[in-house]
Amino acid sequence: MSSLNAKIQDVFNEPACENNRGKDAKARKQGCSKPLTPGAAAGGCAFDGAKIVLQPITDVAHLVHAPLACEGNSWDNRGTASSGPTLWRTSFTTDLTELDVMMGQGERKLFKAIREIKEAYAPPAIFVYSTCVTALIGDDIEAVCKRAAEKFDLPVVPINAPGFVGSKNLGNKLAGEALLDHVIGTAEPDDAGPYDINILGEFNLSGEFWLVKPLLDRLGIRVRASIPGDARYLDVASAHRARATMIVCSTALINLARKMEQRWDIPFFEGSFYGITDTSEALRQITRLLVQKGADPEILGRTEALIAEEEAIAWKKLAAYRPRLEGKRVLLNTGGVKSWSVAHALMEIGIEIVGTSVKKSTPEDKERIKKMLKDENHMFESMAPRDLYAMLSQRKADIMLSGGRTQFIALKAMTPWLDINQERHQPYAGYDGMVELVRQIDLAIHNPIWRQVREPPPWECQLATGDEPPSTKSETAIVQGFKKFAGTTADDFGEC
């Protein structure tokens, strides 16, 4: 636990974060995570965060050393997609029982599970996740993994991020530390070139990175490692030979990008593939960094030509939606990089942002939002469900974009809703992704069901005109008879 505590303190003291640099030494050690409220939903633990970052490495066997519930609650927790191996979607757990805990059989059972996975699946590596129970009883997963790696001649990587140590975001960072300590730099590629890049914090949700990768292929840029979306173990192990890095979600893996720059001189920047302008700027930034690291400057001209061609196609497709969506009001109840990147993408076609959540956004994210929005009051840290409902029911927004947890608030307020988080089924990245996002918004807003559900029911219209529905006349007589029997009159109970 002492090594884990040291790792946590190191992660909190992040010099690449501008906000963290402005703190004193004591405040820096406390990190940015707010303390959890007892009895409230915490939004994911450190183990969950580590699994989110590492599970999309598709050819690795992910073994959870825990009682069964930990693996059940974390399985398939992101809608990521793979272009090849499916081993990552197979659940592996040691399934510890009370008897295993009482008799001290945890480490023995873990070693046996590693051997069974090796013999049955022959993966290129096995990731072993510590959890609350196994950390509390003192199972030394690092020692077991080291012994298993020697015995079976196989990389067995300990992921020391038990849930009780902190939030999901802390787990993201601890997963990045595990990759630095045990994976990245352990394999040397024989095809390294001047146009190799890494993409960090890209999860390939619904396969959306596949809309961006063809653009890079046309420029001759190779993605050495996409961590973690649709990644392979050997690609991640050789990621130290890339020439530049783009971070899509700095909140999760800024520590990984910074330390890779320190160790292997790989410059990085934070960008977004959401929206036309941001996608174009990301391509420009990538090629600029590659040229700085020795690539032929002619790639800059080819990049501008590609951007001009793709932007023209995208704007032509979006022109059909502008008359239908211009002036429509959107409420974004999400966080992180989407709080500004999606907002900026929608504003490009004339959609008004009436609010965006910044709960999981970095200070840099918030500064971008302030520059984009006319009114800073449209930024909110968090909004209670009743406030969301009040805003939507008062028709202050034409549609809400959020995760699945708040969809029923929108539906109760009879307001269109679109999933923008990891559970979504449509890809929204790149030029084609932007067109798809706008198309989905258009379909949601102009769905005829909303006009129907907002109409008053027929019986309310009839009561308002004084015409009593025939079907209720007999019911009225029965009710009046009951009231008379009870010693009351119909007037005591009002019209209904």
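Which residue in β12 does Leu332 stand opposite?

A: Leu332 stands opposite Leu401 in β12. Before the details, please note that this is a predicted model, in which local features need pLDDT of at least 70 and side-chain atom pairs count only at pLDDT 80 or more, whereas totals for chains, interfaces and linings use all residues. Residues are numbered from 1 along each chain as its sequence is written, and side-chain values use heavy atoms, with hydrogens and water left out.

The pair that you ask about belongs to strand β9 (residues 329-333) and strand β12, which pair in the parallel sense over 4 bridges. Strands here are DSSP runs of E with at least two residues, helices are runs of H or I with at least four, and both are numbered from the N terminus; two strands pair if DSSP finds at least two bridges between them. β12 also pairs in the parallel sense with strand β13 (residues 417-419), here over 3 bridges, and in that pairing Met400 stands opposite Trp417.

In a regular strand the side chains alternate between the two faces of the sheet. Strand β12 (residues 399-402) is covered on both faces, with Ile399 and Leu401 buried on one side and Met400 and Ser402 buried on the other. Buried means under 20% relative accessible area, exposed means over 50%, and partly exposed lies in between, computed with a 1.4 Å probe and protein chains only.

Strand β1 (residues 61-64) and strand β3 (residues 126-129) run parallel and are joined by 4 bridges, with Leu63 opposite Val128 of β3. On its other pairing, β3 meets β4 in the parallel sense, again over 4 bridges, and there Tyr129 stands opposite Ile159. Within β3, Ile126 and Val128 point one way while Phe127 and Tyr129 point the other way, and all are buried.

Patches are made of residues with over 30% relative accessible area and no salt bridge, like charges being joined within 9 Å and nonpolar side chains (Val, Leu, Ile, Met, Phe, Trp, Tyr) within 5 Å. Arg115, which sits in helix α7, is partly exposed at a relative accessible area of 33%.

A nonpolar surface patch is formed by Leu99, Met102 and Met103, which together have about 400 Å² of accessible area, as given by the Shrake-Rupley method with a 1.4 Å probe, only the protein chains shown counting as cover for residues. Met103 is found in helix α6 (residues 98-103) and is exposed, with a relative accessible area of 55%.

Side chains of opposite charge can pair when their charged atoms come close. The structure holds 24 salt bridges, each being a side-chain nitrogen of Lys or Arg within 4 Å of a carboxyl oxygen of Asp or Glu. One of them joins Glu309 to Arg218, with the closest N and O atoms 3.2 Å apart. This pair links distant parts of the chain, since Glu309 is in helix α15 (residues 298-318) and Arg218 in helix α11 (residues 213-218), 91 residues apart. Both count as partly exposed, Glu309 at 41% relative accessibility and Arg218 at 43%.

Another salt bridge, between Glu298 and Arg302, has its closest N and O atoms 2.8 Å apart, and both residues lie in helix α15, 4 residues apart, about one turn of the helix. Salt bridges that share partners also join Asp191, Asp196, Arg222 and Arg224 into one network. Asp191 lies in the loop between α10 (168-182) and β5 (196-202) and is partly exposed, with a relative accessible area of 35%.
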